[in-house]
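Visitor: I would like a close look at one part of this model. Please take me there step by step.

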Amino acid sequence: MAAAEKSARSLGDLQAAGLLGAEVTPDLAAVAGRYAVSVTPGVLRAIRGGDPEGGVARQYLPSSEELQEFPAELDDPIGDGPHSPVKGVVHRYDDRVLLNLLKTCAVYCRFCFRREMVGPGARGLDSAELEAALDYIRGEERIWEVIFSGGDPLTLSARRIRAVLEELARIPHVGVARFHTRVPAVAPELVTEELLAALRAGPTAFVVLHVNHPDELTAEVRAAIARLADAGIPLLSQSVLLKGVNNSAEVLGRLFRALVQNRVKPYYLHHADLARGTGHFRTSIAEGQEIVDGLRQGHSGLCIPAYVLDLPGGAGKVPVARSWILGEAEGSYLLRDRHGAEHAYRDHAAAQQKRPDRG
Ligand SMILES: *Cc1c(COP(=O)(O)O)cnc(C)c1O
Ligand code: SF4
C-alpha cells in the first residue's frame, strides 16, 4: 500500500477518487454538511474492485436519500442518553457498561445509529472525564464487563488502549474488556503488533467486528482478522440488516460463512435503528424474519447470529426472530421446525412437577 494513501473525507475527495459523478448536487452537499464523511483507502479499493452500486459502496458513499427523514426517527435512536451516569459511560444492563472514549471513526457509515454524535470534530473524553468514568466503574461492583464502543475504539493509539486496559486490570470485579470496532474491516493496517500486545494487557479482551457485506472481507482484512485470532483474541461479529446491502439470505449466508471460516462467530444481526435519514436502509421486521428463517434452513448453527432490535427509549435489545414456539397449553407445546412444519411436544417434566401439588 502506498504511504501517500489517505482517507476520502469530503465530496471533493470522493470525486478525486472517481467515486462520485462530476457534479455535486445541492442535496448531496447538504448531506455532507450534515453528516460526517470518511472512506478509508482500503474501503475505496474494495468499492473500486467491486460493484460501484454494490453492498460496500452503499454503506459509505453519501446519498441524497439521507435528507429524507421520517417522523419516528430520533437523534438518539437507542436511548443511550437516559442511561448515562457519567460522560462516556452507558449503563443499561446490570453487569456491563459501554465506555465511549472517543467520537471519531475511521469511516462514517451512512446508516450509523450514532450519526448525530460522531464525526471528525466531535470531542471524546479528556483525561479528567476518563478518570471520572473509571471511578464510576470502580465504584460499581456489579460491572463485570466494559464494552468499548463508537466512535471506533481501535482507532486510538495502542499506547492509550494499553493505558486504559491496565487501569481496568486493577479493578477486581472487571473480568472482560470488549471492543466493538470496524477497524479490522476498514483499516486493517491498524491491527499492529503493538495493538495486539495492548489488547493482552488488561482483562480478557473480546473483539466484535462490525461487518455487513462479504465483499468487505478482502485479503488484507482477512489477514488482519487472522492476526487477532492468532494472538488468541476471541472474535465475534455484528452486522446491521440493510436494504440494498445485505437483505437476502444469500448475501448474509456468504458473509457469515466467510466470517466463520476466518474464525469469527456471528453474534448479532441488528435490525436497523431509527437514526435520522436512514429510512432507505430499513427493512421491515417481517422481511428480516424471512431472511433469518432462510439462513436457518441451509446453514450451520455457527453461521447464525441472533436477530435483535434495540428498543427506542433505551430499554435495550430484544430478539425479534420469529418464534419457534407457536403455542403452549397445559404443558404441551406447538413447535415449528426449520422447514415450517409444526410439531406437538409434551413437556413431561412440567407434568411430573405438577403431580405432587395435586396431592
Ligand atoms: C448493546 C449494549 C450492550 C451489550 O449487550 P450484549 O447483549 O451483552 O451484547 C451493553 N450495554 C449497552 C448500553 C448496549 O447498548
Ligand atoms: S464505525 Fe460504528 S460508530 Fe462509526 S460511523 Fe460506523 S457504525 Fe457509526
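Which residue in E3 is the bridge partner of leucine 98?

Guide: The partner of leucine 98 is isoleucine 147, in E3. First, some ground rules. This is a predicted model, in which local features need pLDDT of at least 70 and side-chain atom pairs count only at pLDDT 80 or more, while totals for chains, interfaces and linings use all residues. Residues are numbered from 1 along each chain as its sequence is written, chains are lettered from A and ligands numbered from 1 in the order written, and side-chain values use heavy atoms, without hydrogens and water.

Now the names. Helices (H or I, at least four residues) and strands (E, at least two) are DSSP runs, numbered from the N terminus. Two strands pair if DSSP finds at least two bridges between them. E2 and E3 are joined by 4 bridges and run parallel.

Step back to the sheet. It is open and has 9 strands, in the order E1-E2-E3-E4-E5-E6-E7-E8-E9, with mixed pairing. E1 and strand E9 (316-319) are the edge strands, and each pairs on one side only. Neighbouring strands are turned by 30° against each other on average, direction ignored. Axes here are lines fitted to C-alpha atoms, for helices over the stretch in contact, and angles run from 0 to 180 degrees between N-to-C directions.

H6 touches E3 and strand E4 (176-181), and its direction makes about 165° with that of E3. Contact means heavy atoms within 4.5 Å. Helix H11 (residues 285-298) touches strand E6 (235-241), strand E7 (265-271) and strand E8 (306-311), and its direction makes about 160° with that of E8.

Next comes helix H5. Its buried residues are Glu129, Leu130, Ala133, Leu134, Tyr136 and Ile137. Seen down the axis of H5, they fall within an arc of 150°, so they line one face of the helix. The arc is that of the directions from the helix axis to the C-beta atoms. Buried means under 20% relative accessible area, exposed over 50%, and partly exposed in between (1.4 Å probe, protein chains only). On the other side of H5, Ser127, Ala128 and Gly139 are exposed. What do the buried residues of H5 pack against? They meet strand E1 (89-93), strand E2 (96-99), strand E3 (145-148) and helix H6 (158-169).

Check the length of H5. With 13 residues (127-139) at 1.5 Å a residue, H5 should span 18 Å, and its end C-alpha atoms are 18 Å apart, which agrees. The expected span is 1.5 Å times one less than the number of residues. At the start of H5, a side-chain oxygen of aspartate 126 reaches to within 3.1 Å of the backbone nitrogen of alanine 128.

For contrast, look at another open sheet. It has 3 strands in the order E10-E11-E12, with antiparallel pairing. Strand E10 (325-329) and strand E12 (342-346) stand at its edges with a single partner strand each, so one side of each is left without a neighbour in the sheet. Neighbouring strands of this sheet are turned by 20° against each other on average, direction ignored. E10 and strand E11 (residues 332-336) pair over 4 bridges. Alanine 329 stands opposite serine 332 in E11.

Glutamate 330 lies in the loop between E10 and E11. Its phi is positive, about 50°, although it is not a glycine. Most residues other than glycine have a negative phi. Glutamate 330 counts as exposed, at 73% relative accessibility.

Note on methods
Polar contact = N/O pair within 3.5 Å; in protein donor to acceptor, adjacent residues only side chain to side chain.
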